[in-house]
Every structure is written in C-alpha cells, then in structure tokens.
Amino acid sequence: MFAKQSTAPGTVYLVGAGPGHPGLITVRGMQCLQRADVVLYDYLVNPIVVEHASASAELVGLGHHKTGRALAPDQITARMLEEARKGRTVVRLKGGDPSVFGRGYDEEDALREAGIPYEIVPGITAGLAVAAYCEIPITHHEEASAVAIITGRERDAKSESHLNCGLADFPGTLIYYMGVRRAEEWSKALLEQGKPPDTPVAIVRWCSRAQQQTVRCTLGTVVEVIAQQEVTPPAVFVVGTVVDRAPQLSWFAARPLISARVLVTGSQGTAEPLRDGLGELGAEVLTRPVIRISDPPDWAPVDAALNQLDQYDWLVFSSANGVDYLFRRLGEIGGDVRRLGEVKIAAIGSGTAERLARYSLRADLVPEHFVAESLARALVTEAAGRRLLLARTNRGRHVLPDELERAGAQVDQVIVYGSVDVKEPDPSVVAALSTGEIDWVTVTSSAIARAVARLYGDALSKTRLASIGPMTSATLRELGYEPAVEATPHTTAGLIDAIVNAGLTRG
C-alpha cells in the first residue's frame with residue numbers, strides 16, 4: 001500500500017504545526033501534509049492536524065519519553081532519510097516552528113549532506129502565541145521594546161552556558177522554553193543578576209489547546225509554585241511586567257467548552273461539522289469514526305434510477321451522506337440536477353436539508369421531528385398513487401418505506417452508499433476513556449450507538465454520552481447505556497447546545 005519506489009529521492013518538508021490549535025498550521029503546511037506519503041510527527045502535534053493527511057499516507061507517531069517509546073533524534077533523522085531515499089514525499093511535522101528549539105538545523109544538515117531536497121515551512125511558536133491566547137502583550141510601548149526567546153534547558157555537553165549573560169537587564173519580555181525542570185537554575189541566574197524577585201511570571205501550559213492553563217506567580221516564587229501546582233511540560237514561562245497587563249481570563253479561556261475533551265464517533269463526513277462547532281467553543285475534539293462510509297456494492301440500480309429520475313414524484317433522503325453519494329454519482333454518469341425536472345425533494349432533517357443546499361437545491365419537505373416516523377407522516381398525504389425514490393444506506397430501519405407503501409405509494413429504494421463498522425477499537429481512545437480523560441462521546445445514529453458500544457464497552461461508563469435524538473437514545477438504552485443529554489432539535493447544532501447546557505466538563 002505504501003510502496004513508492006523511485007531512483008530519485010523524495011522531497012522532505014520540515015513543517016511547523018503551530019503551538020497546538022489545529023487551525024494555526026499554515027496553508028503551506030497543510031498543502032505539504034496533504035501530499036505526503038509518510039508523516040513523521042512529534043507528540044506535541046495536535047492529532048487533529050494529522051487527520052488532514054491523505055488517507056493513503058503512512059502516519060508515524062514519534063512517541064514521547066514518558067511512554068518509554070520515544071525515538072531518539074538520530075533515529076528520527078535516520079527514518080526521515082530512509083523514507084526519502086525510497087522516493088517518498090516526507091513531512092516531518094513538528095510542534096511550533098521547526099527552527100525554534102526544534103532541532104531543525106540538525107535535520108536540515110543531515111538532508112543537505114545526503115543530497116535530499118527539502119523545504120522548511122515555518123510555524124507559529126508557542127512563545128509568541130501566548131500574546132494572542134493568553135492576552136499577554138509580550139511587546140508594549142511602555143514596558144517591553146523587545147522579546148527574548150530562551151531555552152531553559154541547554155545541552156549537557158555544551159562547553160559554556162548562555163543563560164548567565166546579563167538577561168536580567170534585557171529591555172523587554174523574557175520567554176523561556178523547556179524551563180519546568182530547570183526552573184531553579186534559570187530563575188536563580190536572573191535573581192543573581194539583579195532581576196527583582198517580584199517580577200511577574202506567567203506559566204502557560206499547552207498554549208492554544210483546549211487544556212491550556214495559565215499559572216501566575218513571581219520570579220522569586222516560580223520554583224515553589226511549580227511544585228505546589230504540579231506543573232509539568234509542555235510549558236513556556238513569560239517573565240516581565242507585561243504579565244500584569246493580561247486579563248485574568250483571556251478570550252480563549254472564557255469559551256464555554258474550554259478544557260472539555262469530546263470524542264466524535266461519526267463517519268468522517270458527518271464528524272466534520274461537529275468537530276468544527278465544538279472546537280469553536282473551546283473543546284479538544286478527537287475524531288475517531290466507528291463506521292466507514294463507502295460506495296455501494298453495485299452502482300447499477302442507482303444508475304438505472306438516475307436515468308429515469310424525472311419520472312418520480314418525490315426524491316427522499318434519509319441522510320446527508322445519501323445526498324452526497326447520489327449527486328456525486330449523477331455527475332459521474334454525465335448528468336446534473338436538471339434531471340430532477342418537477343421532482344419534489346424530502347429530507348429527514350435540517351442537516352440533510354443543509355447538505356442539499358450545497359447543490360443549490362431546497363427541500364420541499366422537512367418534518368418537524370427529524371426521525372423516519374415523522375418524515376413518513378409528513379409524506380403520507382402526498383404518497384397515495386405517487387412514485388417515490390428513496391436514497392438510503394445498506395442498513396437501517398424500514399419504517400419509512402413500509403409506512404409510505406401502506407399509504408399507497410410506489411417506493412423504489414436504492415442503496416447509494418455503504419456503511420461498515422470499524423472492527424478494532426483505537427487503543428489511545430480506550431486508554432483515554434478508561435482513565436476518565438474524555439468528557440463526552442457524541443452518538444449520532446443507532447448504527448453508531450451499536451458500534452460505539454461494541455468497540456468501547458465498559459469504558460463508556462467513565463464518560464458521558466450525547467445522543468442526537470430519541471431513536472439513538474432508545475438504542476443506547478437497549479444496549480445498557482443511558483445518554484446524559486439528547487439534542488433538541490435533533491441536529492448537529494442541537495447536539496452542541498445540549499453539551500454546552502449540560503454544564504461543560506466534570507470536575
């Protein structure tokens with residue numbers, strides 16, 4: 001699957017993923033990621049960023065020393081060179097900016113020496129992002145005319161330290177990276193050089209991520225506060241009077257779902273609106289589909305229906321996926337929406353209606369309640385003697401066609417897409433659920449409810465389930481899981497509102 005042999009080496013892109021928020025990777029960085037054959041990514045990179053890689057790309061997490069599975073720098077470089085020599089396009093994805101304390105030069109030097117083409121794509125570094133996400137004005141016309149970015153941890157083999165070079169007299173803001181474990185050393189150096197012990201300090205962990213945390217103290221108390229608050233990396237330290245100009249609660253930290261972790265379990269297509277909506281409100285969103293959407297096993301029945309589309313009275317959609325797959329296929333066989341003629345369109349809910357709007361189509365009928373029974377009741381008066389085409393998946397309830405046929409309609413059903421359960425649970429999700437690190441799991445259909453229960457079972461008892469509607473809730477209860485909230489209305493927006501109104505995160 002991943003083999004790509006070539007006599008010429010592939011290009012390596014050293015890409016900065018930004019400080020953590022998935023929207024902060026550059027456009028160029030995203031372009032490189034989408035063309036990569038293999039992605040080598042650091043643990044500091046937000047997993048959501050990696051999801052934008054091509055479905056065919058090989059994703060290689062480089063681990064972290066805490067897990068005992070981290071690759072050493074030399075091993076990472078060796079893997080990067082090995083993949084490039086096979087002719088593969090490699091993205092070496094780093095947190096922040098690859099040239100700011102990211103060993104970027106070492107990797108660039110190895111690529112130069114090996115004669116492998118490369119490109120460096122800068123990213124936003126955490127020390128600068130704190131200005132926006134914590135509202136700390138790291139430069140200020142009265143208090144800080146400059147910014148110094150400093151490592152709190154120099155290499156042990158270094159002959160002479162640069163941390164005792166008069167930084168106390170620097171005319172601006174000091175920002176320390178990797179300074180948690182060496183805080184006593186760099187803070188003592190500043191104090192000995194004459195920096196006042198009451199100089200304000202902000203410790204910012206996971207800048208721009210949902211779990212962002214800001215701890216305020218002073219230069220004289222920073223070591224004590226680290227111990228009391230049990231501060232662990234990753235963190236940057238902002239040292240200077242500008243810290244006192246920041247509000248107690250930044251715009252980022254004030255969002256209603258800040259620090260909440262949500263697992264979105266729908267298919268890739270349906271997960272995107274939920275992920276984006278929850279992320280806008282501050283949640284850390286993991287998207288791990290429990291079902292895969294694919295082409296139907298046979299396009300022939302779909303093509304036959306599309307070739308006589310204008311002979312139907314109603315075209316009925318029970319999902320947004322059905323809309324996408326049917327109209328994509330219509331284009332593939334050389335047709336367009338003009339084939340609809342006078343055909344009316346019914347959509348099971350507002351989400352499906354919104355998907356129709358992408359094709360410049362307006363639903364003639366959307367029921368008050370977004371379930372099959374409600375759609376059937378709304379269509380009953382139109383059904384007698386009419387011919388209806390129902391675009392559906394390969395599985396699901398038969399309530400809708402059965403009710404319409406009883407009302408005297410001729411219902412033709414075509415399977416326009418397939419739905420297959422993911423067979424194996426994601427180990428990282430199992431671990432996070434088992435330790436209570438995930439606050440919410442979204443469940444947007446009965447099929448997804450069954451798949452979630454099968455994959456994650458007892459671990460779901462340590463999280464809260466958010467259901468899209470009554471049918472999904474009923475399926476969850478049949479499986480032994482009580483939903484904590486149910487969306488009203490039964491839409492993506494309703495599901496997000498339900499989570500917000502439930503009180504955000506636990507504890």
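Predicted model: local features only at pLDDT ≥ 70, side-chain atom pairs only at ≥ 80, totals over all residues.
A polar contact is a pair of N or O atoms within 3.5 Å, where, within protein, one atom must be able to donate a hydrogen and the other to accept it.

**Two buried residues**

Thr463 is found in the loop that runs between helix H15 and strand E19 (464-467). Its relative accessibility is 9%, and because buried means under 20%, Thr463 counts as buried. A polar atom of the Thr463 side chain lies 2.9 Å from the backbone oxygen of Ile438, and a polar atom of that side chain also lies 3.5 Å from the backbone nitrogen of Trp440.

Arg392, by contrast in setting, belongs to a strand, E16, which covers residues 387-393. With a relative accessibility of 10%, Arg392 counts as buried. The side chain of Arg392 makes a polar contact of 2.8 Å with the side chain of Gln413. The chain also brings Arg392 and Gly418, which are 26 residues apart in sequence, to a C-alpha separation of 8.9 Å.

**Two pairs of packed helices**

Two packed helices are described by the angle between their axes and the distance between the axes. The table gives these values for two pairs.

| Helix pair | Angle | Distance between axes |
|---|---|---|
| H6 (residues 183-192) and H7 (residues 222-229) | about 155 degrees | 9 Å |
| H15 (residues 446-456) and H16 (residues 470-478) | about 25 degrees | 8 Å |

How are H6 and H7 oriented, roughly parallel or roughly antiparallel? Their angle is about 155 degrees, and because angles over 145 degrees count as roughly antiparallel, H6 is roughly antiparallel to H7. On the H6 side the contact is made by Ala183, Glu184, Trp186 and Ser187, and on the H7 side by Val222, Val223 and Ile226. Sorted by class, the residues of this contact between H6 and H7 are five nonpolar, one polar and one charged.

For H15 and H16 the angle is about 25 degrees, and because angles under 35 degrees count as roughly parallel, H15 is roughly parallel to H16. The crossing of H15 and H16 is right-handed. Ser446, Ala449 and Arg450 of H15 meet Met471, Thr472, Thr475 and Leu476 of H16 in this contact, and the residues of the contact of H15 with H16 divide into three nonpolar, three polar and one charged.

Notes. Residues numbered from 1 in each chain as written. Heavy atoms only, no water. Axes fitted to C-alpha atoms, helices over the stretch in contact; angles between N-to-C directions. Helix = DSSP H or I, 4+ residues; strand = E, 2+ residues; numbered from the N terminus. Parallel < 35°, antiparallel > 145°, perpendicular 65-115°, else oblique. Contact = heavy atoms within 4.5 Å. Nonpolar A, V, L, I, M, F, W, Y, C, P; charged D, E, K, R; others polar. Buried < 20%, exposed > 50% of the residue type's maximum accessible area, 1.4 Å probe, protein only. Left-handed = near helix turned anticlockwise from the far one by under 90°.
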